[in-house]
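Please open the structure in your viewer and keep the selection tool at hand. The tour below goes stop by stop, saying what to select and what is found there.

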Amino acid sequence: MHTPLLYALIAVILVSGCGNAQQATSAPAALRAPDVRYEPSPPEVVETMLKLGRVGPADIVYDLGCGDGRIVIAAARRGATGVCVDIDPERIAESRKNAQAAGVAERIRFLNQDLLTTDISDATVVMLFLSSAMNFKLRPRLLAELKPGTRVVSHWHDMADWKPEQSVVVRSGITEHWVFLWTIPPRGAGAKGAAAPARP
Ligand SMILES: C[S@@+](CC[C@H](N)C(=O)[O-])C[C@H]1O[C@@H](n2cnc3c(N)ncnc32)[C@H](O)[C@@H]1O
């Protein structure tokens with residue numbers, strides 16, 4: 001083999017080898033910055049969210065923006081199955097570790113994804129602790145993609161003019177936390193109390 005050709009071949013092997021080594025050792029890259037910063041729901045709020053969502057063994061519970069996984073882990077402890085979705089790979093790693101420690105990891109799927117594109121169609125309960133803007137962005141997808149009867153529970157933030165069927169205040173330390181419940185209506189019925197979207 002000609003010497004220049006041999007050198008070129010060696011260079012290609014070295015470069016591709018280095019790339020593989022990097023892939024094997026580095027942590028997964030974040031998809032993009034989260035839309036909402038991480039802040040865990042206090043345990044009293046988690047309990048209330050499960051209660052309002054009437055979570056039981058037959059449920060598939062999604063937490064869109066799951067943080068350390070505490071809501072889905074608590075649901076799995078009640079016998080439900082669940083899906084933890086977070087855009088931050090560190091949060092997903094933490095959720096998985098916490099679920100393993102709690103002995104419920106086999107009943108939970110962990111998705112490092114943007115919740116705005118996650119397939120939520122098999123959920124029976126959807127948990128949210130995001131922002132008013134994110135709830136408003138999600139609202140049309142919740143109404144279009146979730147089955148009628150699916151419960152949606154949100155910590156702190158409401159859904160603008162889609163009125164909740166239940167609102168509860170939970171005290172944790174000196175802070176009062178609102179928790180809201182909606183149920184997906186039958187197809188074509190629309191969101192009760194919801195006029196045309198009024199906010200961007
Ligand atoms: C306020 S924390 C709520 C954590 C958890 N649900 C709880 O109540 O304890 C919001 C979480 O949403 C995640 N998040 C923000 N934007 C997201 C997006 N577009 N897709 C998926 N996760 C997102 C953040 O990384 C963070 O972990």
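Begin by selecting helix α2 (residues 43-52), which lies across β4, β5 (151-155), β6 and β7 (175-183) and runs at about 160° to β6. Helices (H or I, at least four residues) and strands (E, at least two) are DSSP runs, numbered from the N terminus, while angles run from 0 to 180 degrees between N-to-C directions, with axes fitted to C-alpha atoms, for helices over the stretch in contact. This is a predicted model, in which local features need pLDDT of at least 70 and side-chain atom pairs count only at pLDDT 80 or more, whereas totals for chains, interfaces and linings use all residues. Residues are numbered from 1 along each chain as its sequence is written, and side-chain values use heavy atoms, with hydrogens and water left out.

Now colour the whole protein chain by secondary structure, which comes to five helices and seven strands, following the pattern α-α-β-α-β-α-β-β-α-β-β-β along the sequence.

Next, select the strands: they form an open sheet of seven with mixed pairing, in the order β3-β2-β1-β4-β5-β7-β6. Because β3 (108-112) and β6 (166-172) stand at the edges, each with a single partner strand, one side of each is left without a neighbour in the sheet. Neighbouring strands of this sheet are turned by 15° against each other on average, direction ignored.

Zoom in on β1 (residues 60-64) and β4 (residues 125-128), which pair in the parallel sense over four bridges; two strands count as paired if DSSP finds at least two bridges between them. Select Tyr62 here, and its bridge partner in β4 is Val126.

Which residues have the most contacts inside the largest nonpolar core? Select Tyr62, Leu64, Val126, Leu128, Leu142, Leu146 and Val152, which have the most contacts within this core of 22 residues. A nonpolar core is a set of buried Ala, Val, Leu, Ile, Met, Phe, Trp, Tyr and Cys residues joined through side-chain atoms within 4.5 Å, and buried means under 20% relative accessible area with a 1.4 Å probe, protein chains only. Helix α5 gives the most to this core, with three residues. Apart from this core lies another, of 17 residues, among them Val45, Leu52, Val61 and Val125.

As a last stop, select Leu142, which touches Ile120, Val126, Leu128, Val152, Met159 and Ile184, not counting residues up to four places away in sequence.

Conventions. Contact means heavy atoms within 4.5 Å. Buried means under 20% relative accessible area, exposed over 50%, partly exposed in between (1.4 Å probe, protein chains only).
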